[in-house]
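Trainee: Could you walk me through this structure, one feature at a time?
Mentor: Gladly; let us look at it together.

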Amino acid sequence: MQQTTQPRPAIQAEKPKPPLPPAGFQEGGIATMDAAALIRILTDAGAREFQKAKACQRIGELGAKEAVPALAALLPHERLSSYARYGLEPIADPSADEALRSGMSRLKGNLLVGVINSIGKRRDAMAGPALARLIYGADPDVARAAAAALGSIGGLSSMKEIQIALSKTGGMTKMAVAGAGLVCAERLLAEGQREQALTLYASLSTAGIPQPARLAAMSGIIREETSIGRPR
Amino acid sequence: MIVRSAVLGQRAGAVAPSDQIVFGGLGIGARGAHDLGKLLDMRQARFVAVCDVRNERREAVKSMVDRKYGNHDCRMYDDQYALLARKDIDAVLIATGDRWHTPLAILAAQHGKDVYCEKPCSMSMEESWALADAFRRYNRIYQAGCQRRNGANFELCKELLKSGALGRLQTLYANVGPSVNWPPVPSRDWLAAEQLPARQILDWDRWLGPAPWRPYHPEYVRGGWRNFYDFHGGGILEWGSHTVDLCQWAAELDDTQPVEYEPVGANTGPYQVLAKYANGVNLVMRDDGWDGSLNTGSCSFRIEGDLGWVETGDNTVIASSPNIKPLLRPTESAGLALVNHIGELLRSIKTRQLPRASAAAAANSHIVCHAAFIAFQRGRKLTWDPAKREFTNDDIANRMRSRALREPWRV
């Protein structure tokens, strides 16, 4: 039918304007640079922190694999490490995985946690053995991140490491391992490995598993066993 | 032993403490205090703790809660893990800045808590998926702060569509706010560095949280973080989380997203994003109808069918085509939407039935906003596959589906 009314443009109440960014903190032309120009910023010793941060973000959007070495060089930088991962995470090339794995052996503390988080996000199975070792390291934040990454990577190798870690960890790390197990079970289900997923859920349903994860594992079993679409 | 009747829930209207849902709060500012005020009025709920990175906020919330309950019991924390570790807390109210919404909600689910979270609920598509996955995985109740889903005028519009009175659905309109304040694409600039306050006054590192590092400026902390890309999804996400959400709900499209997104107009506005669902229904996100000639108020949305149309907003007035007017009835005041909404949350927590603004529903409506936001940044029409979760015609757009979180945070 014909629409009888359409609203007129609104009268918009304007809020007070925020302070203007100084010239050195304006993205300006960086927004439209090509990969080569952005890499030049990353490798220019005279470029400012702000310029490098923005270049990393734009490189991530371009997905420029030729930028991987320049991004990897920023992983140890306290303020720019997360920007470097912003650039690396979306690059669909194995060199980005290699750069992050290399970072695992070079970094400590929060920067290492960040690299592990990116590895988990990219589901880099080649990092599995190193991640499994980190679960038992001295830094609890690193241990939890490693467990979470293993869960995200999924697969039978991760499942095995998570099951071992369930019996060897405690406190918040065990909570993270159990959470990783839940994610891993979902990955297994998605890949059609139903029996293994149910086995993992069963491991997570036992006494001694932190209650939120234990209840979630039980829910997972019920959900799967009552699913109409499951193989019978 | 003498036990007061109120303790047993025997006084008229009283709820026994054992039947009350115990809440904590994470990052309660102006909007959160509005939510908290309604929650404190509910006898079925009890608020016992607040966590914030800002000392003044912790003190203000404690003062508000203690005044309401007539005691000094509200505990203050500056570490979310300490609050989440409390076994007596059943649920949390999250009203931080947007950057914290998804990571904190997921942390809460992992600690076995139910969640009320303010909108926008996510900073990226990836966060939206992670949010829905986590709450399904942990079987926890999540309610997004999309209270209009429980507003009588919005419900009536949905009912008119469902009843067939509007005919076959043609187009949904979501008003996405005044672009003069929050344009669709926010700034990637930084403000000048200023002297950091002492950590006990403001923990800047924790304030930034998952957002990329930048130097401190008090404007961000005062609420000026909006309109900066690292903290905000621009006008489309800001207001679309209100009104696109309404469109998805009203049209019973909560489980999907449109498959096309075409940006129209300039970043300075007025602008639109023209979207289309796989079933042919149009979704128009526009910033040119806010408080317009129909006087329906802020956060308005419009449903057009082939037999008639309705439009409503926060004024609660429902404008319609003439043939629909006889079907309209008086609605409630706008303020009751939030009361109804929190009432629904408490019922959901008790019954374990999903609320209207569940994690999955919120995730889908936010993904629509993120897709429109990305289309506007790309400046071109994008096509989207909801099942594959990818754009089918733009690799750069696909790389914008997620954002790296600053260490140590993850979703």
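Trainee: How many Å separate the centres of domain 1 and domain 2 of chain B?
Mentor: The centres, taken over C-alpha atoms, are separated by 26 Å. Domain bounds come from an automatic or database domain assignment. Here domain 1 of chain B covers 17-147, and domain 2 covers 148-183 + 233-399. Please keep in mind that this is a predicted model, where local features need pLDDT of at least 70, side-chain atom pairs count only at pLDDT 80 or more, and totals for chains, interfaces and linings use all residues. Residues are numbered from 1 along each chain as its sequence is written, while chains are lettered from A and ligands numbered from 1 in the order in which they are written.

Trainee: How many residues does each domain bring to the contact?
Mentor: Two residues are in contact if their C-beta atoms, placed from the backbone, lie within 7 Å. Domain 1 of chain B brings 29 residues and domain 2 of chain B brings 30.

Trainee: Which element gives the most to the domain 1 side?
Mentor: Helices (H or I, at least four residues) and strands (E, at least two) are DSSP runs, numbered from the N terminus. On the side of domain 1 of chain B that touches domain 2, H5(B) gives the most, with six residues.

Trainee: What is the strand order in the open sheet of chain B?
Mentor: Two strands pair if DSSP finds at least two bridges between them. The six strands of this open sheet run in the order S3-S2-S1-S4-S5-S6 (chain B), with parallel pairing. Strand S3 (75-77) and S6 of chain B are at the edges with a single partner strand each, so one side of each has no neighbour in the sheet. S5(B) and S6(B) pair in the parallel sense over three bridges, and Val115(B) stands opposite Tyr142(B) in S6(B).

Trainee: How many residues of each chain meet between chains A and B?
Mentor: In this model, 52 residues of chain A are in contact with 45 residues of chain B. Several helices of chain A each supply at least two residues to that side, including helix H2 (49-62) and helix H10 (171-190).

Trainee: Which residues of H9(A) are buried?
Mentor: A residue is buried if 20 or more other C-beta atoms lie within 10 Å of its own, with C-beta atoms placed from the backbone. In H9(A) the buried residues are Ser158(A), Met159(A), Glu161(A), Ile162(A), Ala165(A) and Leu166(A). They pack against helix H7 (128-134), H8, H10 and helix H11 (194-204) of chain A.

Technical notes: A residue is buried if 20 or more other C-beta atoms lie within 10 Å of its own, exposed if 12 or fewer, and partly exposed in between; C-beta atoms are placed from the backbone.
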